[in-house]
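I opened my notebook to look through this chain one item at a time. Here is what I looked up, in the order I did it.

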Amino acid sequence: MTIGDYLLLPLILLALMMYPLLRKGISLLEIFVNKYVHTNPKTETAKESTTQTLLNLKLLAYERIILFIERMKPDSLIPRTLLSNISGREYHRLLANEIRQEYEYNLSQQLYLSENAWNVVTDFKNNIITLINTAAADSDPEKPAGELAKKILEQYIASDIKADQIIRIIKNDIMQ
């Protein structure tokens, strides 16, 4: 036997004895790394931050939709848009355009609302447009805008379109 053989034999024995310890060390290191990745405060903070941001966006969307409903109620819409020097026909167009613009401005909110909430909002908008169209059809288009406004308010009061009920549905939807 040569001197290399004498050194090789203890190295092989040492490696064989160290192998289980080395495997255990690697296993513990793997567990530590996995635990660190899953409980990393930075990762959890980022997740919490993302969740909080999404919740804030959702609440802002519901807030925006409630404002939209309030603005579309005829008793809010008419005082804001009524011009005394235009005809009923022109006022009818102005109201339809105002509702369309407000609705288009809020279209992106449906991303954060539930499907039920968005359907309620769309139905409300369609019912208000139908009410305005019905009132316009029942009045003389050449009369002043004030006459059409009065007719719209009368029909709104007599209708079963209640913005407060719509808002209550939206608020209940937020809590779910």
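Which residues does Ile152 touch, not counting residues up to four places away in sequence? I found Pro74, Ile78, Leu95, Leu131, Ile132 and Ala135 on its list. A reminder to myself: this is a predicted model.

**Entry: the overall layout**

The chain has seven helices and zero strands, so I can write the pattern along the sequence as α-α-α-α-α-α-α. I noted 176 residues in the chain, and buried ones make up 28% of them. Then I checked the contacts with a separation of 6 or more: 75% of them are between residues 24 or more positions apart.

**Entry: the core**

Next I looked up the largest nonpolar core, and it has 35 residues. Ile152 from my opening question is among those with the most contacts inside it, along with Ile69, Tyr91, Phe124 and Ile170. I listed the helices that each supply at least two residues of this core: α2 (41-72), α3 (74-81), α4 (88-105), α5 (115-137), α6 (145-158) and α7 (163-175). The largest share comes from α5, with 10 residues.

**Entry: a closer look at α5**

I counted along α5 and got 23 residues, reaching 33 Å from the first C-alpha to the last. That is close to the 33 Å expected at 1.5 Å a residue. Then I looked up its buried residues, which include Trp118, Phe124, Ile128 and Leu131. I also spotted Thr122 and Lys125 on that buried list.

**Entry: Lys73**

Is Lys73 buried or exposed? I looked it up, and Lys73 counts as buried because its relative accessibility is 13%, and the cut-off for buried is under 20%. Lys73 sits in the loop between α2 and α3. Leaving aside neighbours within four places in sequence, Lys73 is in contact with Phe124, Tyr156 and Ala163. Its side chain also meets that of Glu70 in a salt bridge (3.1 Å, N to O). Glu70 is partly exposed, at 29% relative accessible area.

**Entry: more salt bridges**

I searched the whole structure and got six salt bridges.

Glu102 pairs with Arg71, and their closest N and O atoms are 2.7 Å apart. This pair links distant parts of the chain, as Glu102 is in helix α4 and Arg71 in helix α2, 31 residues apart. Glu102 counts as buried at 9% relative accessibility, while Arg71 is partly exposed at 25%. Both belong to a network of salt bridges that also has Arg80 and Glu98 in it.

I then looked up Arg89 and Glu142, whose side chains meet in a salt bridge (2.5 Å, N to O). Arg89 lies in helix α4 and Glu142 in the loop between α5 and α6, so the pair ties together parts 53 residues apart in sequence. Arg89 counts as partly exposed at 39% relative accessibility, and Glu142 as exposed at 52%.

**Entry: a patch on the surface**

Leu29, Phe32 and Val33 make a nonpolar surface patch of about 310 Å². Val33 is in helix α1 (residues 3-38), and Val33 is partly exposed, with a relative accessible area of 41%.

Terms used:
Residues numbered from 1 in each chain as written. Predicted model: local features only at pLDDT ≥ 70, side-chain atom pairs only at ≥ 80, totals over all residues. Heavy atoms only, no water. Core = buried A, V, L, I, M, F, W, Y, C linked by side-chain atoms within 4.5 Å. Buried < 20%, exposed > 50% of the residue type's maximum accessible area, 1.4 Å probe, protein only. Helix = DSSP H or I, 4+ residues; strand = E, 2+ residues; numbered from the N terminus. Contact = heavy atoms within 4.5 Å. Patch = residues over 30% accessible without salt bridge, like charges linked within 9 Å, V, L, I, M, F, W, Y side chains within 5 Å. Areas by Shrake-Rupley, 256 points an atom, 1.4 Å probe, with all protein chains shown as cover. Salt bridge = Lys/Arg side-chain N within 4 Å of Asp/Glu carboxyl O. Expected span 1.5 Å × (residues − 1).
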